[in-house]
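Hi,

Here is the structure I promised to pass on. Have a look at it first, and then read on for my notes.

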Amino acid sequence: MVAEEAVDEISGRTSSPAGRLVAHSPGRRGIWHWYEDHARGTGELARRFAAPWGGGELAYRLGRDHDTGKGACAWQDGLIEEATTGRKVRRPAHHDAGAFLFAQAARQHPVLTPFAGVIEGHHTGLSAWSELSVRLKGLMRDSAKVNEAISRVAEVMPEILDGTCPAVPDWLDPCNRISVEMLVRMTYSAVVDADRLDTAAHFRPGPHPPLGAGMPELWERYETRRQEALAERRRRKEPSWLDKLREDVYQEAIETAAGEPGVYRLHLPTGAGKTFAGGGFALRHAALRGLRRVIVAVPFISITEQNAAVYRSLLDPEHGPQAVLEHHSAANFEASDRHTSRSLDASGDTCRDQKRARPNRWAKLAAENWDAPFIVTTTVRLIESLFGNSPSVTRRLHRLANSVIVLDEVQALPDTLLTPILSGLRELVEHYGVTLVLSSATQPELAALNPWQTSLPQRDVVANPAPLFQQLRRVRYDWRTGSEVTLKSIAAEATTHGQALMVVNGTKDASHVHKVWLGNRDEDPSTLHLSTRMTGGHRRETIQAAKQRLDAGLDTLLVSTSLIEAGVDLDFPRGYRARSLPESEQQAAGRINREGHRPTEDSIMTIFEPTDGLQPQVIYNRYGIAAASRRFGKGLADPDDLDILRSYYQHRYRLQAGRSSTDPNGATGEAIEALREKLNYPETARRMRMIDNEHSVAIVAIRSRLNQNDRKAAQNAIEQLRSGIPTLETYRTLQAHMASIPHRELETAIEAGHAVEIAGDLYEWTGPYHPQRGIEPAV
């Protein structure tokens, strides 16, 4: 070796005695991270993470041996030289030796061989089995390049040579490739998270932050604060019939929570108290069944923010660690992470493009591992965790085991991905102790699809929801078609009502309607606009302004894209919705006469087909449009007819689904399920992306009307990202300032000097920002 002792450049103390192997440099304390400490520490932590599904021994072995390649002299010399001189030193890859060791042991039980990929990809991501198997066969033929590292590690950890095959969970069927695929994912997550946490503990020593409250305590706190809030509300206002109905719904949900783990449907009409009932069910069920956490996943960031605020008020303590973690992202820092993984895999070298490398550091820092008792996240984040292959997104996957997952607005799951999503969720329920709650006012008939057609019972949280839909029917539908129906004509009609909501099919249509309403004025407090081209903070302000105006009885016109249709608590007397899918139309109607204060006959939701607006078949599922056109409309059913909705979903899925979960002719993601059976993790991750960053890009816009403190905080956060030294709060600070625009507009904006790169695919907007519409659509 080039040195028997090394001097930590920061502390100046010698700290590497002869004969010891090291895993990481000394850090600020001047103390090396000894190899055997890191290997055994990672193994034990991985064992604890994987114990809930019976995979503890398997995870321990993989965690213990994941860094075996670091025993090579070249790797040890490189780290010591780097720590001594402060200069970056190229070191050989260290993943082959441990993968080889595990593959040798797995010869006794071939189903385990793919688990060598956990070690092989613990820094770069899970590889496809077709590629991994070739590399393993090469190592089996010629192990010379890994023998040195193995023999040196065996001197300090002789147990690595025991050659025994670790046990697999009792429930694993070796012939079920989907079960094998998911077990590899879960084990990979446990090992990667254990590795990161053990390494972090070395570089940031000290007492660990106290864990949040357990489920029984959180359930008690939730119920106590809910009762206090109800009592306060009753002091201010006499309870209405709707308040009583919501309380009855909540109590039934709490009683059902005593049931066995499995799949539950929370089917409630808009306004029936779904958020409170879902949270109460999940917490009580977790408390009674000894589950570890609750994860609420919603389709839109706007709902995430709103729900997180509700749950924080009920669950976070006045002092001590917070119980509720809100985790979402409008920007994709993982794109660069995946790119680098491929580069490393191909060359064995580090990424030389510093512009790309910088976001990778941020991705590793920003990827939270969901170690909190109550998580509020987006469906995108949940699916990304379930089907990703990079370490930063996968490390939190094992936290799903022994938890309650509430899929809110489940109808928003994309049809094109339903087969793998349902298959993955079924694995979680059947083998990883998950209780799944499907929450929606428009429950899709998921049992009609292959993965759920057999032996997966679904129970209702509220036993008979049909009467609730009758009781809470608060609107009358009106249907408009014909050549005279345009965005402009409907916008003009809306102005004849003091308060009206108009929901359209795209940002250009929303901008057009808002301009029609304004006329020659630049802005008007009674004329409001909502779309994703506005920042998160701007959207919240607009929703709050609309709510205040409606409560005060002031004239209020609001045009919005579909983002208003889920979780936005507004109550308009009159509504208009451009033709879309029935579930979207019903959700829009949930913003009309929401509190039931007006007669149903007077509360009209008009569904219109504008000849000059974006057509639904352009942006919505064409099979859904085809199935809906035969059932809903003038002279047909309304969107809240439960029997017809059930028939609609069955027809919609029948038009798309293949004959089996891997039928290449299926359009609900069957081809992705076939990739999973082949253990092709990178391609599965690519095909499962729910946000296509080829078509949208995140933008940070610092509005001129921000107060000085918010402006300064946002600018500081941008600079932290650009400097490559962000903190965990950096991204959260920027979240309120993020909007999105189509990718095709980005290049034009850059050329015009209106967009400047920050990091990854995140850009700063320096062009015009309308005070009511945000970033205007390109003409």
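The structure holds zero disulfides, a disulfide being a pair of cysteine sulfur atoms within 2.5 Å.

Before the rest, some housekeeping. This is a predicted model, where local features need pLDDT of at least 70 and side-chain atom pairs count only at pLDDT 80 or more, while totals for chains, interfaces and linings use all residues. Residues are numbered from 1 along each chain as its sequence is written, and side-chain values use heavy atoms, with hydrogens and water left out.

Now the overall picture. The chain has 779 residues, and 59% of them are buried. It contains 30 helices and 19 strands (DSSP runs numbered from the N terminus, helices being H or I with at least four residues and strands E with at least two). Of the contacts with a separation of 6 or more, 76% are between residues 24 or more positions apart; contact means heavy atoms within 4.5 Å. The chain exposes about 31,600 Å², with 50% of that supplied by carbon and sulfur atoms (areas by the Shrake-Rupley method with a 1.4 Å probe; for residues, only the protein chains shown count as cover).

Next, helix H4. Nine of its ten residues are buried, including Asp96, Phe100 and Leu101. Their cover includes helices H2 (56-65), H5 (116-120), H6 (129-141) and H7 (144-156). Phe102 sits in H4, which spans residues 96-105, and counts as buried because its relative accessibility is 2%. Beyond its neighbours within four places in sequence, Phe102 touches Leu58, Arg61, Leu62, Leu112, Phe115, Ala116, Ile119 and Pro166. Its C-alpha atom is 9.4 Å from that of Ile160, 58 residues away along the chain.

Helix H17 is worth a look too. The axes of H15 (residues 379-387) and H17 (residues 418-431) come within 11 Å and cross at roughly 75 degrees (axes are lines fitted to C-alpha atoms, for helices over the stretch in contact, and angles run from 0 to 180 degrees between N-to-C directions). That makes the two helices roughly perpendicular, the word for 65 to 115 degrees; under 35 is roughly parallel, over 145 roughly antiparallel and the rest oblique. Ile383, Leu386 and Phe387 of H15 meet Pro420, Ile421, Gly424, Leu425 and Leu428 of H17. By class, this contact has seven nonpolar, one polar and no charged residues (Ala, Val, Leu, Ile, Met, Phe, Trp, Tyr, Cys and Pro count as nonpolar, Asp, Glu, Lys and Arg as charged, and the others, Gly among them, as polar).

H8 (residues 177-203) also meets H17: their axes come within 10 Å and cross at roughly 75 degrees, so H8 and H17 are roughly perpendicular. Among the residues in this contact are Met182 and Met186 of H8 and Glu427 and His431 of H17. The classes here are four nonpolar, four polar and one charged.

Last, Trp370 has a positive phi, near 60 degrees. Trp370 lies in the loop between helix H14 (354-366) and strand S6 (374-378), and is buried, with a relative accessible area of 1%.

Cheers

Technical notes
Buried < 20%, exposed > 50% of the residue type's maximum accessible area, 1.4 Å probe, protein only.
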